[in-house]
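Reader: I am new to looking at protein models, and I would like to learn how to read one step by step. Could you take me through this example?

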Amino acid sequence: MDKIMYTYNALIPNYALKDIQENLAVVHYGNEKTSITTQNDVLHICIPSAQTQLTEYWSLLHLTTEDANQRQCHATGTEGWCADGDNLFAACLVPDGPELAPASKQAYMRLIQLAEQLGYANIYRIWNYVGRINAPNNNGLERYRDFCLGRADAFEALKYAPTTLPAATGIGFQNGGVVVFLIARKTPQATNIENPLQIPAYQYPQRYGPKAPSFARATVIKVQNGFCLYVSGTASIRNHKSLTQNIEQEIAITIQNIQQLLKTAATKYPTFKQSICDSLKIYVRHKKDIPLVSQAFQAAFGIEAAQAPVLISDICRAELSLEVEGVFRAP
Ligand code: 3EB
């Protein structure tokens, strides 16, 4: 029998190690310095997080024996990747400096070109951990906005149309430059989903920074037995304005935004009417909010605590206290 060319697999996060699991990458949030290394053909990324520790295991949704055979892994300490013939996990560290934009642009161009050169051109999800995200840079520009500038320049230079940008998370971590990691595959392309309750991030007005954030609200990809929806970092934002009366309001608006993304996905792929939540990742600015936020999201999306971990971190808008990302699956 001929080898099946593509298995339409996907990389998904798990927060506990399962029995049968071939990890391509493991992300450690905890008391470590930033680093990107390989150990036994697995990519390891460390992101400093003082108050909350978490281990995130990245493995294939459908395990096939062929994937393990074609594994290639490479890391230098500041960048690295791991691939299996169909899927790629790649990461890099943007060094800290008085301005983040130039190094962020360079890192983004390198990472995207690396994915293309290795043959995994369809990038469907990116994460950006920005050190001291709400602090000003040397010119008084907030470091998140500084980072957004460099990222937007990279996508422009590489001729990405705004409507084709991958889903993303932009969030703080303790200190250092920026840790960027992405997941990509050979084929087929992802479908982007926007939220009609929010204006697209790439159309935010200038008052939020010199260049708007470059990301889609969510992406849908085809997998063997259905579809996966990757929800970007989602916060209490309507149109382009933050709603921040109290944590209860932030929870309610964020839940509505995610539910709206599921509804919008279902208009293109009706199978999302039967979607299930595979994982959530919750970021809160204040430790005191953890019990209320955890309980609310577990209840809203029918997910167990183990697959909905909480990290304490700063959020990219100084007035926000909550951001939530997730992965949903549909038959
Ligand atoms: C927002 O909707 C909240 O800069 O990559 C969410 C997801 C946010 C991704 C990013 C920022 C990013 O604008 C912030």
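Author: We will go through a sheet, the helices beside it, a salt bridge and a further pair of helices. Please keep in mind that this is a predicted model.

Reader: In what order do the six strands of the open sheet stand?

Author: The general idea is that strands of a sheet pair through backbone hydrogen bonds, either parallel or antiparallel. In this structure the order across the open sheet is E6-E7-E8-E11-E9-E10, and the pairing is mixed. Strand E6 (72-75) and strand E10 (167-173) stand at the edges with a single partner strand each, so one side of each has no neighbour in the sheet. From one strand to the next, the twist averages 10°.

Reader: How many bridges join E6 to strand E7?

Author: Four bridges join E6 to strand E7 (residues 79-83), and the two run antiparallel. To find one of these places in the model, look for alanine 75, whose bridge partner in E7 is glycine 80.

Reader: Which strands does helix H2 lie across, and which does helix H3 lie across?

Author: Helix H2 (residues 101-118) lies across E7, strand E8 (87-94), strand E9 (122-131) and strand E11 (178-185), and it runs at about 160° to E8. Helix H3 (residues 143-157) lies across E9, E10 and E11, at about 150° to E9.

Reader: At what angle do H2 and H3 pack?

Author: H2 and H3 pack at an angle of about 40°, with their axes 7 Å apart, which makes H2 oblique to H3. Their crossing is right-handed. Among the residues that make the contact are Tyr108 and Met109 of H2 and Phe147 and Leu149 of H3. Sorted by class, the contact has nine nonpolar, two polar and four charged residues.

Reader: Which residue forms a salt bridge with glutamate 22?

Author: The structure holds twelve salt bridges, and in one of them glutamate 22 is joined with arginine 71, their closest N and O atoms being 3.4 Å apart. Because glutamate 22 lies in the loop between strand E1 (11-14) and strand E2 (23-30), and arginine 71 in the loop between helix H1 (65-69) and E6, the pair ties together parts that are 49 residues apart in sequence.

Reader: How far apart are the axes of helix H4 and helix H5?

Author: The axes of helix H4 (residues 247-268) and helix H5 (residues 290-301) are 11 Å apart, and the packing angle is about 25°. The two helices are therefore roughly parallel to each other, and H4 passes H5 in a right-handed crossing. Their contact includes Ile251 and Ile255 of H4 and Val293 and Phe297 of H5, and its residues divide into eleven nonpolar, two polar and one charged.

Key
Residues are numbered from 1 along each chain as its sequence is written. This is a predicted model: local features need pLDDT of at least 70, side-chain atom pairs count only at pLDDT 80 or more; totals for chains, interfaces and linings use all residues. Side-chain values use heavy atoms; hydrogens and water are left out. Two strands pair if DSSP finds at least two bridges between them. Axes are lines fitted to C-alpha atoms, for helices over the stretch in contact, and angles run from 0 to 180 degrees between N-to-C directions. Contact means heavy atoms within 4.5 Å. Angles under 35 degrees count as roughly parallel, over 145 as roughly antiparallel, 65 to 115 as roughly perpendicular and the rest as oblique. A crossing is left-handed if the near helix is turned anticlockwise from the far one by less than a right angle, and right-handed if clockwise. Ala, Val, Leu, Ile, Met, Phe, Trp, Tyr, Cys and Pro count as nonpolar, Asp, Glu, Lys and Arg as charged, and the others, Gly among them, as polar. A salt bridge is a side-chain nitrogen of Lys or Arg within 4 Å of a carboxyl oxygen of Asp or Glu.
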